[in-house]
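This briefing is for a reader who is new to the structure. Please look over the sequence and the model before turning to the points below.

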Amino acid sequence: MADAPPPNGRLGRLVETPVAGEVVRAFVPPPLPPDPAVDVLSLLHRLGLAERALGRLDGITVLLPRQELFLYMYVRKEAVLSSQIEGTQSTLTDLLRLETEAQAGEPIDDVREVSNYVDAMMFGLERLEELPLSLRLIREMHARLLQSGRGGTKDPGEFRRSQNWIGGSRPGNALFVPPPVTELDACLGALEVFMHEERSQLPALIKAGLLHVQFETIHPFLDGNGRIGRLLVTLYLCVHGVLRKPLLYLSLYLKTHRADYYRLLQEVRERGAWEAWLEFFLDGVAETANQAFDAATCIVELFRQDRERITAESDRAGSALRVHELMQQTPYVTSNQLVARTGLSAPTVNAALADLERLGIVEEVTGRRRGRVFGYRRYLAILSEGTDPLPAS
């Protein structure tokens, strides 16, 4: 902790707690909102840019021919990125190919973790129609996140009953030790109260940024805290009408700027430096929303151009357009799946695929003669931007 910090209510307290045969100093954060209050005036410019970027993103989703399609793909991209931050090596291609059952991606545990994240996210969004954003909902989402794979032994759906730590090989040399179990209920209770309070009159984007850090600092689960903490931002913004559709996901920004991210989290804990964190957070919201807007624009334009090319240049435009339409929903697919979903005969589907290959719209990705898998190349390239796995540290 910083030497002799100025006395203020933003600073937490250290509690000595025994862990694994040694006594460590665990950090207990003060409840939100910060005291002294956040200097919203200094953040107004960034807040305005972030809100405008979100409004623009919300606007283009209305123009998308298939809103749910863009959401489907975007959710999967976020799942891959969020899981990569936690150390998986899975790619968007792995996940999409696993989901089409065309070919299981490698390594399978990594893909399963990403698939669980998609499930947890969609479950949370649907559950919001029946439940408020709450500790109960967070626990239910956590249960879905860790339902299979490596997290299955880490108490899915349960707040931790033992001490955890972040960084280091043991608690004594950890970078950060979250609150002890004896303080957990009080910390989480205060977090839930802040989710619903209105007295502070803080803008929803500012509150989302505060909630994220507080959740990460409390670190209430044995595993999956980072993924749930990132989801919390999007869910909060949907609940408060800042987003109509859950299209804001910060994982690419946090993956790209992860050194700054971890440093700023620690500076909040050590010095109560909330404004510096919120500047970074609002910049991330604006950048992420603009990237999503650009991706949506590119996808709409790509589909239009490819439809026009098929109409003008294909020898069998009717069936090729039908296959093209289906591949907008499933960018990896087998000819058998196309036969089942389009109602076209196998020879017709194969001829359409050959035509789309000739036009450079579709490519066969396995190199096999049987059980071949076809990918919508340029669509996948737009979706996959930024989703290469992080180098192993």
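The model is predicted, so local features need pLDDT of at least 70 and side-chain atom pairs count only at pLDDT 80 or more, while totals for chains, interfaces and linings use all residues. Residues are numbered from 1 along each chain as its sequence is written, and side-chain values use heavy atoms, with hydrogens and water left out.

**Strand pairing**

- Strand 1 (residues 13–19) and strand 2 (residues 22–28) run antiparallel and are joined by 7 bridges; two strands pair if DSSP finds at least two bridges between them.
- Helices (H or I, at least four residues) and strands (E, at least two) are DSSP runs, numbered from the N terminus.
- The two strands form a hairpin with 2 residues between them, and Ala-20 in the turn has a positive phi of about 50°.
- Within this pairing, Val-15 stands opposite Ala-26 in strand 2.

**Salt bridges**

- The model has 23 salt bridges, each being a side-chain nitrogen of Lys or Arg within 4 Å of a carboxyl oxygen of Asp or Glu.
- One of them links Glu-275 and Arg-10, whose closest N and O atoms are 2.8 Å apart.
- Glu-275 is buried because its relative accessibility is 18%, and Arg-10 is buried with a relative accessible area of 10%; buried means under 20% relative accessible area, exposed over 50%, and partly exposed in between (1.4 Å probe, protein chains only).
- Another salt bridge pairs Arg-161 with Glu-158, with 4.0 Å between the closest N and O atoms.
- Arg-161 is exposed at 56% relative accessible area, whereas Glu-158 is partly exposed at 39%.
- Asp-223 and Arg-227 also form a salt bridge, their closest N and O atoms being 3.8 Å apart.
- Asp-223 is partly exposed, with a relative accessible area of 22%, while Arg-227 is buried, with 4%.

- Glu-51 belongs to helix 1 (residues 40–63) and counts as partly exposed because its relative accessibility is 41%.
- Although Glu-51 and Val-242 are 191 residues apart in sequence, their C-alpha atoms are 8.1 Å apart in space.
- Glu-197 is placed in the loop between helix 6 (181–196) and helix 7 (204–218), where Glu-197 is buried, with a relative accessible area of 18%.
- The side chains of Glu-197 and Ser-200 are joined by a polar contact of 2.5 Å.

**The second largest pocket**

- The second largest pocket holds about 250 Å³ of space.
- Its lining has 14 residues, of which Tyr-74, Lys-77, Leu-252, Gln-291 and Ala-295 lie nearest its centre.
- Helix 2 (67–85), helix 9 (251–256) and helix 11 are the elements that give two or more residues to this lining, and helix 11 gives the most, with 5 residues.

Conventions: Polar contact = N/O pair within 3.5 Å; in protein donor to acceptor, adjacent residues only side chain to side chain. 1 Å grid on protein atoms, 1.4 Å probe; cavity = no way out; pocket = protein on both sides within 12 Å on 5 of 7 lines; lining within 4 Å. Points joined across faces, edges and corners; volume = space filled by probe spheres on them.
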